[in-house]
Amino acid sequence: MDLNTITEVVRRPPDPPVTHWRDGDAWLAGGTWLFSVPQPHLRRLVDITTLGWDAVTVTEDGVRIGATCTVRQLYETAPQAHWPALALARTSCEAFLSSFKVWNAATVGGNICLSLPAGPMITLSVALEATYTLCAPDGTERIVAATDFVTGDNRNILMPGELLRSIHLPADALRKRHTHRRFSLTKLGRSTVFLAATRTPGTTDLRLTITAGTTRPLCLAFDSTPDAATLRDRIDDLPEDVWFEDPNGTADHRRHLTRYFAEQMRVELTEEGP
């Protein structure tokens, strides 16, 4: 879609680009959403893809994903045998269910900052206990937990001009056993629910991440594996208004699927195995 209110595009901003921010600006990365709907409030685009940020950096402390890393680049990240939960990255990329054009352009940071309930990069980062590095227009940085970033459908904690710089997946979370469940109404449809569960090796704990079916990502943590009734009660205790409703599923349907799949994952992680 033509954005006919744009009068300027900054192709080579300074690094960090936040100091260059002014009212009417938008950060341009993949642009797969930005150019899909009218943006009458925008006057200038600041292209951050030219900054050359590393896509994926693997260290002993975990995996650091640059905000401009594309879905394709993340999907092609080499598996790490000592970090089994990193496999959730590929699973989350596949949840985009989009064309190769989108995979080659859409960015991890863009999907997170769009903050839609079915954002698969949100599922990945929340399930693996990620932290985000945010840069403010005055040049300062803050680090926030992924669980605290999204506050509702298409809403998050970013301040005007603030930019998501990177996502860090900690090694401790990457070592965990994990499983997931995703449901959509059609084979290539948007996620109605997308759930992930992890368990620390050598313990009986359980961490359940609920996304797509809720307006914001939710985590239910247990020090030891709950029984079926306790898990169901925790899900039923979630506020009514947190359940998302759109053409891909009613709130009641999403709640039902969450109960159903959560119990499957509880049993799966309780069983012995890799």
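Visitor: In this predicted model, what distance separates the end C-alpha atoms of helix α9, and what span should its 20 residues have?
Guide: The model is predicted, and helix α9 covers residues 251-270. At 1.5 Å a residue, its 20 residues should span 28 Å. The computed separation of the end C-alpha atoms agrees with that expectation, being 28 Å.

Visitor: On how wide an arc around the axis of α9 do its buried residues lie?
Guide: The buried residues of α9 are A251, R254, R255, L257, T258, F261, A262, M265, R266 and L269. They are placed on the same side of α9, because the arc that they cover around the axis is only 165°.

Visitor: Why do residues three or four places apart point the same way in an α-helix?
Guide: The reason lies in the helical repeat. Residues at that spacing point the same way because an α-helix has 3.6 residues a turn.

Visitor: Are helices α2 and α5 roughly parallel or roughly antiparallel?
Guide: Helix α2 spans residues 87-94 and helix α5 spans residues 120-127. Their axes are 8 Å apart and meet at an angle of about 160°. Angles over 145 degrees count as roughly antiparallel. The arrangement of α2 and α5 is therefore roughly antiparallel.

Visitor: Which residues make the contact between α2 and α5?
Guide: The crossing of α2 past α5 is right-handed. From α5, the contact uses P120, M121, L124 and A127; from α2, it uses L88, A89, S92 and C93.

Visitor: Which elements do the buried residues of α2 pack against?
Guide: In α2, the buried residues are L88, A89, T91, S92 and C93. These residues pack against α5, and also against α1 (71-75), α3 (100-103), β11 and β12.

Visitor: Where does the cis peptide bond that joins D15 and P16 have its omega?
Guide: P16 belongs to the loop between β1 (8-10) and β2 (25-28). The bond that joins D15 to P16 is cis, with an omega of about 10°.

Visitor: What is phi of E129, and is the residue buried or partly exposed?
Guide: E129 occupies the loop between α5 and β6 (131-135). Phi of E129 is near 55°, a positive value in a residue other than glycine. Buried means under 20% relative accessible area. E129 has a relative accessibility of 29%, so it counts as partly exposed.

Visitor: What is the relative accessible area of N154?
Guide: N154 is located in the loop between β8 and β9 (155-156). Its phi is near 65°, again positive in a residue other than glycine. N154 is partly exposed, with a relative accessible area of 42%.

Visitor: Which residues does T151 touch, not counting those up to four places away in sequence?
Guide: T151 sits in strand β8 (residues 150-152) and is partly exposed at a relative accessible area of 33%. Beyond four places in sequence, T151 touches N156, I157 and R216.

Visitor: Is D246 buried or exposed?
Guide: D246 is part of the loop between α8 and α9. The cut-off for a buried residue is a relative accessible area under 20%. With a relative accessibility of 18%, D246 counts as buried.

Conventions:
Residues are numbered from 1 along each chain as its sequence is written. This is a predicted model: local features need pLDDT of at least 70, side-chain atom pairs count only at pLDDT 80 or more; totals for chains, interfaces and linings use all residues. Side-chain values use heavy atoms; hydrogens and water are left out. Helices (H or I, at least four residues) and strands (E, at least two) are DSSP runs, numbered from the N terminus. The expected span of a helix is 1.5 Å times one less than its number of residues. Buried means under 20% relative accessible area, exposed over 50%, partly exposed in between (1.4 Å probe, protein chains only). The arc is that of the directions from the helix axis to the C-beta atoms. Axes are lines fitted to C-alpha atoms, for helices over the stretch in contact, and angles run from 0 to 180 degrees between N-to-C directions. Angles under 35 degrees count as roughly parallel, over 145 as roughly antiparallel, 65 to 115 as roughly perpendicular and the rest as oblique. A crossing is left-handed if the near helix is turned anticlockwise from the far one by less than a right angle, and right-handed if clockwise. Contact means heavy atoms within 4.5 Å.
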